[in-house]
Amino acid sequence: MTLQLHNTLTRSKQRFLPLDRAHVRMYVCGPTVYDEVHIGNARPLVIFDVLYRLLRRSYRDAQVTYVRNITDVDDKIIDRAAESGEAIDDLTARTTERFHDATAALGCLEPDVEPRATDHIAEMIAMIEILIEKEHAYEAEGEVLFSVPSMPDYGKLSGRNRDEMIAGARVEVSSHKRDPADFILWKPSTDDQPGWDSPWGRGRPGWHIECSAMSEKYLGPAFDIHGGGVDLVFPHHENEIAQSLCAHPDQSFAQVWMHNGYLMSEGEKMSKSLGNFYTVTELLDEFPGEALRLALLATHYRQPLDFTKDGVREATARLNRYYLALKAVEDNEDNEADAEDDESTAKVAEETEFGDALYDDLNTPAALSALDQQATRIINAKPGELGVLGEAFRANANQLGLLTEPSDQWFKRGTSDDEQTQIEALIQQRMDARAAKDFAEADRIRDELVAKGIVLEDGAGGTTWRRGG
Ligand SMILES: [Zn+2]
């Protein structure tokens, strides 16, 4: 089975071939840490986590390095701190922690390296010096600008024409531009702004140079995959390509550029005034992180996604079904204790529709349909058929970062220790009533639990409970 990925640069789906089969390398643009993570930010985190898991599985004998940066110096950070009066270091530390909480709740693996921009100023300065030396950049009164006309094939990623590029770059104000499309590599800082000494005076880097310098440091000047949201294609990724290729003309920078589609919320562009601006933290008060993850994976990553709370409710119901299937698998394992070994698990999983879907440019909706069918087969299976089916089902779900907890934990989620003690006491009273042949009392207790949304299951090993759904 070969992995096919859509490359924004070639505008086609192509077979993925790493530059070095012993070391597969991916860079994804991380957050600018000044605000809460919203559900739009969460989409690329989950998508590239699925890709990372797939690369680790496909190249299990190789090293897979996933780098996702933290942008902790940026004008948005400076502006936010000035508005709120919070110290910049406190703001970036606090929002970085919130970001880590959100990624963990969404079931994302940690990247191998998570470089912070402020720890790599020296690398950025060194790269800017190379660009000046090669006449791709120029200094003007403490600013350093990249000279867009110095790169004849600038614009090949976004395919924009010159007028569109200038319109897109207009936000960056500088009176020193020789050409309206030129962009900032370095800018001076006032005394109250974060700044570092440089050959051009005390200042700070532009956003684009951060990613060029950090990806080179950890992955080298040529690596396999560069990812992010479609909103980063221009100008951010276009400018990263310009900087990295002009600094290292004999290198190829990233081979495959992958971009996830836009996210809408409740049918509209997400905005604070429309009430459809959902932060991950708010959503986690209402829904399990795993349901948010599944809701994000139910649409193909390249398509626009309309995120709705109804969609998360559907995802929760879908997970209830998956966990019912998992429970059947777990019960079977408890009885038989003859789980298949890893090798055959992988074989079974890879031969399924599930594997085909995922290898076809991360077709997660098709992979989830295959998982639905597997869950149905398991729920309807006869004892003795569950071993192989169950192992493949769990391996596939785990491949998407789903079903990573025991079913018991899922079904009892949101139930406090006190509530669990109460429920278990009622179950004991019901057993006592049955033992005393007081079936009216036993039924009354069962009804009381049902009214609380608790489903009882009487089995050979006693009575177990779960939240209904
Ligand atoms: Zn970036």
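**Figure 1. Overview of the predicted chain.** The chain contains 17 helices and 14 strands, both assigned as DSSP runs numbered from the N terminus (helices, H or I, at least four residues; strands, E, at least two). This is a predicted model, in which local features need pLDDT of at least 70 and side-chain atom pairs count only at pLDDT 80 or more, while totals for chains, interfaces and linings use all residues. Residues are numbered from 1 along each chain as its sequence is written, and side-chain values use heavy atoms, with hydrogens and water left out. The C-alpha trace spans about 90 × 50 × 35 Å along its principal axes. Among contacts (heavy atoms within 4.5 Å) with a separation of 6 or more, 75% come from residues 24 or more positions apart.

**Figure 2. Close-up of the Y52 and Y66 rings.** The structure holds 10 aromatic pairs. Rings of Phe, Tyr and Trp (its six-membered ring) pair if their centres lie within 6.5 Å; planes under 30 degrees apart count as stacked, over 60 as edge-to-face and the rest as tilted. The pair of Y52 and Y66 is tilted, because the ring centres are 4.9 Å apart and the planes lie at 55°. This pair links distant parts of the chain, with Y52 in helix α1 (residues 39–58) and Y66 in strand β4 (residues 63–68), 14 residues apart. Both Y52 and Y66 are buried.

Figure 3. Y323 and F411 form an edge-to-face aromatic pair, at 6.3 Å centre to centre and with 75° between the planes. Distant parts of the chain are linked here: Y323 belongs to helix α10 (residues 309–336) and F411 to helix α15 (residues 407–411), 88 residues apart. Y323 and F411 are both buried.

**Figure 4. Close-up of an aromatic cluster.** F223, F253 and W257 are linked into a cluster by ring pairs.

**Figure 5. Close-up of charged ends over aromatic rings.** A charge sits over a ring if NZ of Lys or CZ of Arg is within 6 Å of the ring centre and within 35 degrees of the ring normal. The charged end of K272 sits over the ring of F277, 4.8 Å from the ring centre. The ring of W410 has the charged end of R413 over it, 3.9 Å from the ring centre.

Conventions: Buried < 20%, exposed > 50% of the residue type's maximum accessible area, 1.4 Å probe, protein only.
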